[in-house]
Amino acid sequence: MNALLCIALALVVGLLSTRLMKLVNLPNVTGFLVAGIVFGPYVLGKFMGWSLSDENSLNSSMMNILSNIALGFIAFSIGSSFKLSALRQVGKSVLVITVFEALGGAIFVIGALFLAKLFIPQIPIEIILTLGAIACATAPAATLMVVKQYKARGPVVSTLLPVVAFDDAVALIAFSILFSISKAMAKGDAPNVMDLLVWPLLSVVGSILLGSLLGFLVSLSCHLFKSRSNRIIMCIAAIFICVGVSIIDFKTLIGIDLSFSGLLSCMMIGALIVNLRKDSDRIFERMEMITPTIFMLFFVISGASLNITIFADRNALIVLSIALIYLIFRAAGKWTGAFTSAKMVKADKNVQKYLGFALIPQAGVAIGLASTASTTLVHEGQLMVDSLGNLTTTGEQLVTFGGMILAIILASTIIYEISGPIITKIALTKAGEIQKEN
């Protein structure tokens, strides 16, 4: 089955899964992931010729491109939340809570995994740092679904909505720094200040500048191109430029180990447009007409990428242990960070007690970051071959690390997306923000 048939199948099973999720009151993203796993190359897909390695099918290179494009659109949408007038309106307290709850998840996960490493030495440090960055992210879609479905109102909801919009930005920045460090360590590069600090910081700054420049140019070009269709084309072109630049191997090209984060760049494009254009709402509304297809395809293929055999091989115990620790301590870190910061800024008592529980869901950005980490490590690992064309030890490690990261996050996401909305509903009910009649 060629790549186009694989993509068509992904769209069809993704669409059908939304009907099933509606019956069981679960987010669509859960259905996309489950459909991808069931119909993917490791379950039913193997009988239909779905492959991630065959060059005539949906190979890892195409997967990498699709993942980066989808994540670019997600980051672009996140950027639309950074309107300065809205930031001034929510005040500093929300920003303080956002930073604390996001970093709380990261610190708890990293700390718990390093502690576990004392008993299970096989847990790779590279995976610990990468998962720590991904732990910052929250899924706004699942949270918003509960709020809208039950018409929740109150101080917890008023604080929750801006927090879930902003903490993904913290995750993008943390990921850009920590994954750069993890990648250097995984490749066996000698640790030095340049690799561990200077280049990651330059990557963040360069990505922000690139996205700001493109966002400014798109906003300026709107004076020349008036139709909505042309403006959408400009936005898509800008996103593609950021994604394209982010996958350039500058070390091979010019000998400098510099990289750009398509996530941060695309986020800045959205942020510049929403602040420079008074009619930005129309632009983002039009963009939202094309993004559902991209997101569905991304989540289904992400589910299909889950190599379930990893839970039965020699790394199964390590993967399951890391996943369990990640599940428990990310939730604990989110709640602790939210509680501590809410108390610091003297927020409402209900905000202090219940906000952290509503931050448990995790999906889009987390899967995107895991997919980026996985495909990057697998791709770079496959390039490391000896004179006989076999993967080197380092190459095998990179491929293994990539598979482990994606497996852990996808398995965690399915559990989070099932339990998260339920916990959010319970928390908002106890806070008195969901009325009995709703």
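In which hand, left-handed or right-handed, does helix α5 cross helix α16? The structure examined is a predicted model, in which local features need pLDDT of at least 70 and side-chain atom pairs count only at pLDDT 80 or more, while totals for chains, interfaces and linings use all residues. Residues are numbered from 1 along each chain as its sequence is written, and side-chain values use heavy atoms, with hydrogens and water left out.

The secondary structure of the protein consists of 16 helices and zero strands; helices (H or I, at least four residues) and strands (E, at least two) are DSSP runs, numbered from the N terminus. The mean pLDDT, the predictor's confidence in each residue from 0 to 100, is 79, and 85% of the residues reach 70 or more. Confidence is lowest in helix α6 (residues 140–149), with a mean of 68, and highest in helix α13 (residues 316–344), at 89. Where pLDDT is low, the predicted coordinates should not be read in detail.

Of the 438 residues, 53% count as buried, that is, under 20% relative accessible area, as against exposed (over 50%) and partly exposed (in between), with a 1.4 Å probe and protein chains only. The largest nonpolar core has 102 residues, and L131, I134 and I322 have the most contacts inside it. Such a core is a set of buried Ala, Val, Leu, Ile, Met, Phe, Trp, Tyr and Cys residues joined through side-chain atoms within 4.5 Å. Helix α16 (residues 393–430) gives the most to this core, with 11 residues. A second, separate core of 23 residues includes V146, A152, A342 and I434.

Helix α5 (residues 125–134) packs against α16 at an angle of about 35 degrees, with the axes 11 Å apart; axes are lines fitted to C-alpha atoms, for helices over the stretch in contact, and angles run from 0 to 180 degrees between N-to-C directions. The crossing of α5 and α16 is right-handed, the near helix being turned clockwise from the far one by less than a right angle. Contact (heavy atoms within 4.5 Å) is made by E126, I127, T130, L131 and I134 of α5 and by F401, M404, I405, I408 and I409 of α16. Leaving aside neighbours within four places in sequence, L131 is in contact with V109, L113, I322, Y326, I408 and I409.

In helix α11 (residues 262–276) lies I273, which is buried, with a relative accessible area of 0%. The C-alpha atoms of I273 and C235, 38 residues apart along the chain, are separated by 9.4 Å.
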